[in-house]
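User: Could you walk me through reading a few features here? I would like the general idea, then the case at hand.

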Amino acid sequence: MSLVDTVKNAFVPIHREGWPFIGGFAVVTLVLGIFSTNLFWIGLILTAWCAYFFRDPQRVTPADDRLVISPADGIVSAVGPAVPPRELGLGGAEMTRISVFMNVFSCHVNRSPVRGRITKIEHRPGKFLNAELDKASSENERNGLVIDSPNGTVAAVQIAGLVARRIVCWAEQGGNIGIGERFGLIRFGSRVDVFLPLEATPRVAVGQTAVGGETVIAEFGGSPATPLVRVS
């Protein structure tokens, strides 16, 4: 590997959705620099943070239909039974819900937890409560994907948060999606809920750090055991 390749690989790609924001931060920084050196450095730090926020790293996803992969980077904030949002048309019965909370320093590109056909995409306006709150699942603005997977119906719900005000989804209803494939992002802090058939066995615990596109959060056909954890 050449030195140029080494340097190139050290930088994480930026998603195209972020360039207008990064450009805006940079322009404001240059204008502030005319009036104050201190404001210029503050603006430069914020511009760097904006570029970091919109990073889009490559991920190595296990291509196994038995596995469910984390849809986002962040902290697992909930694992347990819950009724999916009504607009998804999945009925009033409980499913297994696994939630991943993203703060303003997380990578916000969202990835499909399973492979299959997208049978429904539904956006619902709502509030902008703290996405860590349990009621954010039912009250916040959100966008849901229903996926017909090899192991039954799975839903991934993008939920806006206290700071996040824009949900982006470029997946198409009726199209096929691969496990770990990018389908959207949420700007500036948010959460993604995954709703699974009750037969799925969770493989993560609340408080665990998940890596989108890589961390196995549940498994079909596995033994129904609560994962043991140790905080160290």
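Analyst: Happy to! Let us start with exposure: a residue is buried under 20% relative accessible area, exposed over 50%, and partly exposed in between, using a 1.4 Å probe and protein chains only. F40 is partly exposed, at a relative accessible area of 24%, and W41 is also partly exposed, at 48%. Note that this is a predicted model, where local features need pLDDT of at least 70, side-chain atom pairs count only at pLDDT 80 or more, and totals for chains, interfaces and linings use all residues. Residues are numbered from 1 along each chain as its sequence is written, and side-chain values use heavy atoms, with hydrogens and water left out.

User: How is the aromatic pair of F40 and W41 arranged?

Analyst: A pair of aromatic rings is described by the distance of the centres and the angle of the planes. Rings of Phe, Tyr and Trp (its six-membered ring) pair if their centres lie within 6.5 Å; planes under 30 degrees apart are stacked, over 60 edge-to-face, and the rest tilted. The structure holds one such pair. F40 and W41 are edge-to-face, with 5.6 Å centre to centre and 75° between the planes.

User: Is N110 buried or exposed?

Analyst: N110 is buried, at 0% relative accessibility. Its side chain makes a polar contact with the side chain of Q158 at 2.9 Å. Such a contact is a pair of N or O atoms within 3.5 Å; within protein, one must be able to donate a hydrogen and the other to accept it, and residues adjacent in sequence count only if both atoms are side-chain atoms.

User: What space lies in the largest cavity, and which residues line the cavity?

Analyst: Rolling a probe the size of a water molecule over the atoms shows where empty space is left. On a 1 Å grid over the protein atoms alone, a cavity is a set of points where a 1.4 Å probe fits but cannot get out, and lining residues have an atom within 4 Å of a point. Points are joined across faces, edges and corners, and a volume is the space filled by probe spheres set on them. Two cavities of 30 Å³ or more are present, and the largest holds about 40 Å³ of space. D64, D65, L67, V114, R115, S149, P150, N151 and I179 line the largest cavity.

Technical notes: 1 Å grid on protein atoms, 1.4 Å probe; cavity = no way out; pocket = protein on both sides within 12 Å on 5 of 7 lines; lining within 4 Å.
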